[in-house]
Amino acid sequence: MYLAAIPEKQGYRFVIRESYWDRDCFRSRDLVDLGSDPSQYIVYPGGRAYYIDPELEDHLRGQGADPDADALDDLLWPFVDQDIRHAVGAFRGRQAPREGPISSEALQPVHLFDKRRIHFLRFGRMDQGPIGRVPAKIFRPVRNRSRDEIEQYFLQAERILKAHERKAYVYVIFDLQRFFSELCAKAMPEALNPEAVDTYFVQELCRLNADNRFWAGMPMHDHLGDYLVRYLTMYFDLDYGRNTALESLFDQFRNAHRRHQWPAPKDRVSFASASSVFGVAADTLKQMSRREFSRLFRQKAMELHPDQGGRQGDFIRLSEAYKSIMRTKR
């Protein structure tokens with residue numbers, strides 16, 4: 001499931017959708033229309049507690065979905081009261097969403113345009129040469145998703161871009177540098193002939209708009225797709241950020257000598273140790289489902305929160321135990 005934000009005249013309308021495999025591609029379907037204010041589905045029983053309205057879960061099940069409590073909580077988390085998010089946000093202990101079993105026919109390759117977008121958003125590099133050497137897990141957010149879900153993901157991910165980065169971002173993801181032989185093409189697009197760059201950009205934008213493989217599962221139109229309009233705005237309404245040849249050379253040298261290392265795995269907390277933290281027998285913890293264990297964690301987090309008289313050290317041990325045990329419940 002994912003939350004789609006649909007622009008309207010008076011703001012946005014939010015719809016819970018899901019991606020599903022349909023013969024030859026992933027498509028998306030609407031599950032529940034939340035209207036313009038999803039916070040109406042969040043219930044506050046008192047204190048710093050909250051929960052998602054059970055009627056929403058019932059509605060989703062009525063649509064044939066199988067909502068996961070944690071996943072639904074993640075969808076509506078941005079609409080939770082700001083004070084509560086500030087108080088309990090550090091102790092939510094969220095894990096990366098698991099990819100369910102998918103048939104070999106449904107394993108779709110990641111489109112190169114999506115790879116370029118993720119690579120720039122992750123590393124901030126204009127030179128896309130190393131894109132073939134990055135770990136495949138980096139592209140997990142756009143793997144085996146419908147085109148609509150992928151575009152909704154990028155609408156949120158691109159918010160990290162600063163104003164001076166947006167035009168360079170468009171230049172990179174449409175791979176405009178490949179049309180130029182100048183040495184500055186990979187690092188200083190502002191030094192290129194602007195009219196030539198504009199021409200190639202419009203050409204590539206139209207080509208992507210007509211790419212059936214890219215838009216698989218979505219209807220094609222004879223006009224520019226809604227999800228591409230923002231790139232037209234980014235490119236023509238903004239300027240490249242300040243840059244110098246010296247800065248570019250320094251960035252290229254620094255990036256060329258970077259060595260990526262995954263963080264060392266943390267020691268796991270045993271069920272015996274976790275039982276003393278949660279106040280529940282080890283055997284009971286082993287038998288709990290992910291949903292039951294998450295509910296127990298929330299209850300203990302509310303009890304041990306420093307604002308409720310708890311100690312920070314107890315909170316840290318609780319969070320570490322929760323993350324460790326959740327890794328065993330996949």
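Biologist: What share of the contacts with a separation of 6 or more comes from residues 24 or more positions apart?

Modeller: Keep in mind that this is a predicted model. The protein chain has 330 residues, and 41% of them are buried. Among its contacts with a separation of 6 or more, the share from residues 24 or more positions apart is 61%.

Biologist: How many helices and strands does the protein chain have?

Modeller: Some strands sit in an open sheet of 3, in the order 1-2-3 with antiparallel pairing. Counting up the secondary structure of the protein chain gives 13 helices and 5 strands.

Biologist: Which strands stand at the edges of that open sheet?

Modeller: The sheet runs in the order 1-2-3. Each edge strand has a single partner strand, so one side of each is left without a neighbour in the sheet. That puts at the edges strand 1 (2-8) and strand 3 (25-35).

Biologist: Which residue in strand 3 is the bridge partner of Glu18?

Modeller: Strand 2 covers residues 11-22 and pairs with strand 3 in the antiparallel sense, over 9 bridges. Look across from Glu18 into strand 3 and the bridge partner is Arg29.

Biologist: And which helix packs on the sheet?

Modeller: Its direction makes about 75° with that of strand 1. It touches strand 1, strand 2 and strand 3, and it spans residues 147-157: helix 5.

Biologist: Is Gly279 buried or exposed?

Modeller: Gly279 lies in the loop between helix 10 (271-278) and helix 11 (282-287). Its relative accessibility is 64%. Exposed means over 50%, so Gly279 counts as exposed.

How values were computed. Residues numbered from 1 in each chain as written. Predicted model: local features only at pLDDT ≥ 70, side-chain atom pairs only at ≥ 80, totals over all residues. Heavy atoms only, no water. Helix = DSSP H or I, 4+ residues; strand = E, 2+ residues; numbered from the N terminus. Buried < 20%, exposed > 50% of the residue type's maximum accessible area, 1.4 Å probe, protein only. Pairing = 2+ DSSP bridges. Contact = heavy atoms within 4.5 Å. Axes fitted to C-alpha atoms, helices over the stretch in contact; angles between N-to-C directions.
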